[in-house]
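Please look at the sequence and the structure first, and then follow the notes topic by topic.

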Amino acid sequence: MSLRLGDKAPNFTAKTSEGEIDFYEFLGDSWGVLFSHPADYTPVCTTELGKTASLKQEFDKRNVKVAALSVDSVESHKGWINDINETQGVKVNFPIIADENREIAEAYDMIHPNASMTATVRSLFIIAPDKTIKLIITYPASTGRNFQEILRVIDSLQLTANYSVSTPADWKDGEDVVIAPAIKNEDIPAKFPKGHTEVKPYLRMTPQPNK
């Protein structure tokens with residue numbers, strides 16, 4: 001069964017570059033990003049893990065814990081981390097999970113049957129504090145992830161979890177947002193005291209409420 005948005009993220013216990021973890025315990029009350037890689041010592045993934053390490057402060061201020069996954073061993077991960085630190089000018093500061101038997105990759109439907117056993121293990125999941133999956137993106141092996149987009153989606157998810165709004169196309173933190181259709185016009189002033197603009201009856205914009 002493939003995972004869908006809103007499903008519970010499967011829990012697991014695994015060895016990692018930072019010791020054994022229970023995934024749910026590792027996340028605690030935080031948001032989570034779990035992303036996977038075909039194998040250690042792959043070029044695109046080396047840049048991705050370096051970028052992730054460089055964004056630690058951005059993840060921390062959003063209360064997000066990050067974990068990567070590869071089908072290689074912990075010892076292999078540790079050697080790869082040395083290369084990442086050296087070539088990307090960072091210090092890897094999150095666990096890389098060893099999934100040698102591919103149990104986690106299969107639980108998260110990261111391996112696609114129409115490719116090799118590892119070539120398409122390139123999925124990313126954003127997981128809410130209640131352990132439900134809020135975003136799934138699967139990339140081809142040739143395309144590095146856009147981590148600014150991942151941060152943007154986390155900002156949107158955290159905003160829309162707490163307010164009756166949605167975020168429009170290309171939205172960035174601090175920009176106007178869309179008032180949920182379920183909110184009646186007469187209730188808008190109390191809920192959104194910064195005011196609003198009615199573009200169409202179904203398209204009502206308001207300044208971001210938590211700014």
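His 77 is buried, because its relative accessible area is 0%, where buried means under 20% relative accessible area, exposed means over 50%, and partly exposed lies in between, for a 1.4 Å probe and protein chains only. The model is predicted, so local features need pLDDT of at least 70 and side-chain atom pairs count only at pLDDT 80 or more, while totals for chains, interfaces and linings use all residues. Residues are numbered from 1 along each chain as its sequence is written, and side-chain values use heavy atoms, with hydrogens and water left out.

**His 77 and its surroundings**

- His 77 is placed in helix α4, where helices (H or I, at least four residues) and strands (E, at least two) are DSSP runs numbered from the N terminus.
- A polar atom of the His 77 side chain lies 2.8 Å from the backbone oxygen of Ile 97; a polar contact is a pair of N or O atoms within 3.5 Å, and within protein one must be able to donate a hydrogen and the other to accept it, with residues adjacent in sequence counting only if both atoms are side-chain atoms.
- Leaving aside residues up to four places away in sequence, His 77 touches Ser 17, Asp 40, Ser 70, Asp 72, Ile 96, Ile 97 and Ala 98, contact meaning heavy atoms within 4.5 Å.

**The annotated residue Cys 45**

- In an unreviewed UniProt entry, the annotation "active site" covers Cys 45; UniProt positions are given in the numbering used here, feature names are shortened, and annotations may be inferred rather than shown by experiment.
- Cys 45 lies in helix α2, which spans residues 43–54, and this residue counts as buried because its relative accessibility is 2%.
- When residues up to four places away in sequence are not counted, Cys 45 touches His 37, Pro 38, Trp 80 and Arg 122.

**Nonpolar cores**

- The largest nonpolar core has 28 residues, of which Val 33, Phe 35, Leu 49, Phe 59, Phe 94 and Ile 126 touch the most other members; such a core is a set of buried Ala, Val, Leu, Ile, Met, Phe, Trp, Tyr and Cys residues joined through side-chain atoms within 4.5 Å.
- Elements giving two or more residues to this core include β3 (31–37), β4 (64–70) and β6 (123–127), while the largest share, 6 residues, comes from α6.
- Apart from this core lies another one, of 20 residues, among them Ile 21, Ala 67, Leu 69 and Met 110.

**The open sheet and the domains**

- An open sheet is formed by 4 strands in the order β8-β9-β11-β10, with antiparallel pairing, where two strands pair if DSSP finds at least two bridges between them.
- Because β8 (165–166) and β10 (197–200) stand at the edges, each with a single partner strand, one side of each is left without a neighbour in the sheet.
- The strands β10 and β11 form a hairpin with 2 residues between them, and 3 bridges join this antiparallel pair.
- Within that pair, Lys 200 stands opposite Leu 203 in β11, and Thr 197 stands opposite Met 205 in β11.
- The protein is divided into domain 1 (7–145) and domain 2 (163–206), with bounds that come from an automatic or database domain assignment, and the domain centres, taken over C-alpha atoms, are separated by 35 Å.
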